[in-house]
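I opened my notebook and loaded the model. My plan was to start with the whole chain and then go down to single residues.

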Amino acid sequence: MRLWFRNLFGAIATTGYALWIGLRYWGRTYDRDRRTFTEHFEYPELPVPVKPRFRGFHRYDLTSCIACERCARDCPAGCIYIGKQRAVGRKGFQVTEFTIDYGKCLVCGICTENCPVDCIFMGATHDLSCYSRDGCLVDFSRLPLEIAWGRATLNPTAVAHSKSIVRPVHPGPSL
């Protein structure tokens, strides 16, 4: 019985000491004027500021891509899928599908390094929340050009809308 009371007293003393340390640091760092995250940044109405070198979701320029598949070969996660077909009446290929699976993407930026025509970049978009894994598959060839190229924000609504578009929105380079 004595051992039980000693363990009980030790547990209460340890918990009290931990609470005292927490209260002491809270008292030292308390600031009445500090606002919550949503009050400070007004998220999601105003986007959170990001640093210039932030690597977010990709920007892709379908109008200059030559479908060389260099980015897909360089990707360590294997999350880039490119569909292409021979262009009718001209030299080269036409991109029919350029899909990135953000469920697998490491956001490392290796895919952007060796692109011969610089058609893929790391963007500043950081929020692509969705309720299913299907929302993580983004087909940049079916997104509107201003969203794919990064002039407008890549958002879950645009990704969901792009799933209903059957053909690419642009035939590719040199047109």
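**Entry 1: the whole chain.** I counted 6 helices and 5 strands in the protein chain. Helices (H or I, at least four residues) and strands (E, at least two) are DSSP runs, numbered from the N terminus. Along the sequence I read the pattern α-α-β-α-β-β-α-β-β-α-α. Next I looked up the radius of gyration, which is 25 Å, well over the 16 Å from the globule rule for 175 residues, so the chain is more spread out than a compact globule. That radius is taken over C-alpha atoms, and the rule is 2.2 Å times the number of residues to the power 0.38. The C-alpha atoms fill a box of roughly 90 × 40 × 30 Å along the principal axes.

**Entry 2: ground rules.** I noted that this is a predicted model: local features need pLDDT of at least 70, side-chain atom pairs count only at pLDDT 80 or more, and totals for chains, interfaces and linings use all residues. Residues are numbered from 1 along each chain as its sequence is written, and side-chain values use heavy atoms, with hydrogens and water left out.

**Entry 3: inside and contacts.** Of the 175 residues, 29% are buried. Buried means under 20% relative accessible area, exposed over 50%, partly exposed in between (1.4 Å probe, protein chains only). I then took contacts (heavy atoms within 4.5 Å). Among those between residues at least 6 apart in sequence, 69% join residues at least 24 apart.

**Entry 4: H58.** Where does H58 sit? I found H58 in strand β1 (residues 58-60). H58 has a relative accessible area of 5%, so it counts as buried. Its side chain makes a polar contact of 2.8 Å with the side chain of Y102. A polar contact is a pair of N or O atoms within 3.5 Å; within protein, one must be able to donate a hydrogen and the other to accept it, and residues adjacent in sequence count only if both atoms are side-chain atoms. Leaving aside neighbours within four places in sequence, H58 touches residues including I100, C105, F121 and F140.

**Entry 5: T99.** I moved on to strand β3 (residues 93-101), which holds T99. T99 is buried because its relative accessible area is 7%. A polar contact of 3.2 Å links its side chain to that of E97. Beyond four places in sequence, T99 is in contact with C79, I80, Y81, L137, V138 and D139.

**Entry 6: F5.** Is F5 buried or partly exposed? At 47% relative accessibility, F5 is partly exposed. F5 lies in helix α1 (residues 2-29).
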